[in-house]
Amino acid sequence: MAVADLVERIEELLPQTQCTRCGYTGCRPYAEALAQGMAAINRCPPGGREGIAALAALLDRSPLPLDPSCGREEPATLAFIEAHACIGCARCLPVCPVDAIIGAQHYLHTVLERECNGCELCLAACPVDCIVMLPRPDAQSAPTAAANRERYDRHRERLEFHASERERLLTDRKRSAQTPSQ
């Protein structure tokens with residue numbers, strides 16, 4: 001099997017939370033490292049035992065217990081923003097890989113519970129620690145890997161568009177500044 005095909009098959013087994021607890025910048029880089037034999041199969045806390053077993057079967061490796069340095073397997077959680085403490089800094093917005101946090105600078109932010117994948121990336125971004133992780137209600141299932149992947153792809157495309165648009169505007173300004181006025 002070609003490495004690219006193997007990466008795709010591995011990535012399909014990962015929960016797509018993009019949480020970085022595995023030590024990689026997201027699920028795709030971890031899948032690439034696994035496909036190249038450069039990473040252990042037990043580094044994904046959100047995937048837990050089931051994920052490790054699936055990776056072991058696909059890669060013909062022995063299952064291992066979850067690496068404790070990556071975290072531990074826990075019930076599904078979601079982020080909650082404590083309204084009384086939120087200062088509207090908007091630092092949580094860009095780090096959410098699935099755009100589950102909405103708001104604008106200087107305004108209260110909120111989490112779209114059905115979209116939050118529990119990645120916890122927003123916790124470190126918050127300067128006032130107003131974000132807490134809560135257990136996901138029993139009646140509410142966590143987003144699927146496919147839904148996480150789709151939202152992450154849209155998030156990444158949006159960031160790339162804004163970066164290219166910013167670069168275009170800066171280039172236009174530089175060109176205007178260098179052009180002598182008539």
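**View 1. Thr77 sits in strand 1.** Welcome to a predicted model, in which local features need pLDDT of at least 70, side-chain atom pairs count only at pLDDT 80 or more, and totals for chains, interfaces and linings use all residues. Residues are numbered from 1 along each chain as its sequence is written, and side-chain values use heavy atoms, with hydrogens and water left out. Strands (E, at least two residues) and helices (H or I, at least four) are DSSP runs numbered from the N terminus. With a relative accessible area of 18%, Thr77 is buried; buried means under 20%, exposed over 50% and partly exposed in between, for a 1.4 Å probe and protein chains only. Leaving aside residues up to four places away in sequence, Thr77 touches Asn117, Gly118, Met133, Leu134, Pro135 and Arg136, where contact means heavy atoms within 4.5 Å.

**View 2. Strand 1 pairs with strand 4.** Strand 1 (residues 77–81) has 4 of its 5 residues buried, so it is largely enclosed by the rest of the structure. Its link to strand 4 (residues 131–135) is made of 5 bridges, and the two run antiparallel; strands count as paired if DSSP finds at least two bridges between them. Look for Phe80, whose bridge partner in strand 4 is Val132.

**View 3. Ala139 lies in the loop between strand 4 and helix 6.** Here the residue is exposed, with a relative accessible area of 84%. Ala139 and Leu121 are 18 residues apart in sequence, and their C-alpha atoms are 24 Å apart in space.

**View 4. Helix 6 spans residues 145–178.** Its 34 residues reach 49 Å from first C-alpha to last, close to the 50 Å expected at 1.5 Å a residue; the expected span is 1.5 Å times one less than the number of residues. Asn148, Arg151, Tyr152 and His155 of helix 6 are buried. Helix 4 (92–95) is included in what covers the buried residues of helix 6.

**View 5. Helix 1 crosses helix 2.** The axes of helix 1 (residues 3–13) and helix 2 (residues 27–35) come within 8 Å and cross at roughly 125°. That angle makes helix 1 oblique to helix 2. On the helix 1 side, the contact is made by Val3, Leu6, Val7, Glu8, Ile10 and Glu11. Helix 2 contributes Cys27, Arg28, Ala31, Glu32, Leu34 and Ala35. Axes are lines fitted to C-alpha atoms, for helices over the stretch in contact, with angles from 0 to 180 degrees between N-to-C directions. Angles under 35 degrees count as roughly parallel, over 145 as roughly antiparallel, 65 to 115 as roughly perpendicular and the rest as oblique.

How values were computed:
A crossing is left-handed if the near helix is turned anticlockwise from the far one by less than a right angle, and right-handed if clockwise.
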